[in-house]
Amino acid sequence: MATGTEPQQNSGGVRSATRAAIDAPHLRTDRWWLAPAATAAGLLAFVVYSTWRAFANADYYSAPYVSPFYSPCLADNCRTMHAGPNYDLFGAWWAISPAIIILIFPLGFRLTCYYYRKAYYRGFWASPPACAVAEPHAKYSGETRFPLILQNIHRYFFYAAILVAAVLTYDTVLSFRDTHYHWGHMGLGTVVFLVNIALIWAYTISCHSCRHIVGGKLKHFSKHPVRYKAWQFVGRLNARHMQLAWASLLNVALADFYVYLVASGVFDDPRFF
């Protein structure tokens, strides 16, 4: 006797023979689509903005501020920055924007980040669209095949992100100079840079890879009290990883936009002292 719950044959995913037969695509009645739609819109806006700024190759430096998109600047065509983060490592053969050289590292760190994977898998690929909403794909191979298997190099991008954060910290210290490179000064841009580097570090060390490095492969926390304290601290930040991911993403764009406005002459950097 038919019960109405027989599985549909010859189909995959949630329609496979081992799953309950439900005609409705899902049973959620709330606006479940709002979160993935907002995520996709936010990430797309950042991609458009950062692509424009990365290829612009202009208005990225106004003493003492350098855009985080262009730091460190490693090509011969970089703007001259007195004691700044410009090193002629790639020489004169690099003819396009120097931002392309360095952005691959923070971009790779965020692209392989556990939170961002969830965000753009749901926002752009609907895999799955939301909790308790079936994804439209019939098969799921996980991250075991190319290209998604490359997500497993996240820990190596973490090491690179540490180096980039160290350089941005140096840039923040340099922001305590004036336009003539004299120390002991502070402007509104200094505040923007301080907030930016604080969020960059908070997002970086809240990373799941950092949490594993700090507290992983230990059998007894009691024998490693320093690492246990560090693991607890990173764990508390890790619980806010999503918020830190968005806050640092928006603020790094804000820091770049601030430098752009000052460098292009839209307004002068207000100086406090």
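The model is predicted, with local features requiring pLDDT of at least 70 and side-chain atom pairs pLDDT 80 or more, whereas totals for chains, interfaces and linings use all residues. Residues are numbered from 1 along each chain as its sequence is written, and side-chain values use heavy atoms, without hydrogens and water.

Ser 206 is found in the loop between α5 and α6, helices being DSSP runs of H or I with at least four residues, numbered from the N terminus. With a relative accessible area of 0%, Ser 206 is buried (under 20% relative accessible area, with a 1.4 Å probe and protein chains only). Leaving aside residues up to four places away in sequence, Ser 206 touches Leu 237, Asn 238, His 241 and Leu 244, where contact means heavy atoms within 4.5 Å.

Ser 175, in the loop between α4 (154-174) and α5 (188-205), likewise counts as buried, at 0% relative accessibility. Its side chain reaches the backbone oxygen of Thr 172 at 2.5 Å, and Ser 175 touches Pro 64, Tyr 65, His 185, Thr 190 and Phe 193, again not counting residues up to four places away in sequence.

Helix α5 packs with helix α8 (residues 241-263) at an angle of about 150°, the axes being 8 Å apart, where axes are lines fitted to C-alpha atoms over the stretch in contact and angles run from 0 to 180 degrees between N-to-C directions. The two helices are therefore roughly antiparallel to each other (an angle over 145 degrees). Among the residues making this contact are Phe 193 and Tyr 203 of α5 and His 241 and Leu 244 of α8; by class, the contact has 15 nonpolar, 5 polar and no charged residues.

Helix α6 (residues 208-215) and helix α7 (residues 225-238) pack at an angle of about 165°, with their axes 8 Å apart, which makes α6 roughly antiparallel to α7. The contributing residues include His 208 and Arg 211 of α6 and Trp 231 and Asn 238 of α7.

How values were computed: Parallel < 35°, antiparallel > 145°, perpendicular 65-115°, else oblique. Buried < 20%, exposed > 50% of the residue type's maximum accessible area, 1.4 Å probe, protein only. Polar contact = N/O pair within 3.5 Å; in protein donor to acceptor, adjacent residues only side chain to side chain. Nonpolar A, V, L, I, M, F, W, Y, C, P; charged D, E, K, R; others polar.
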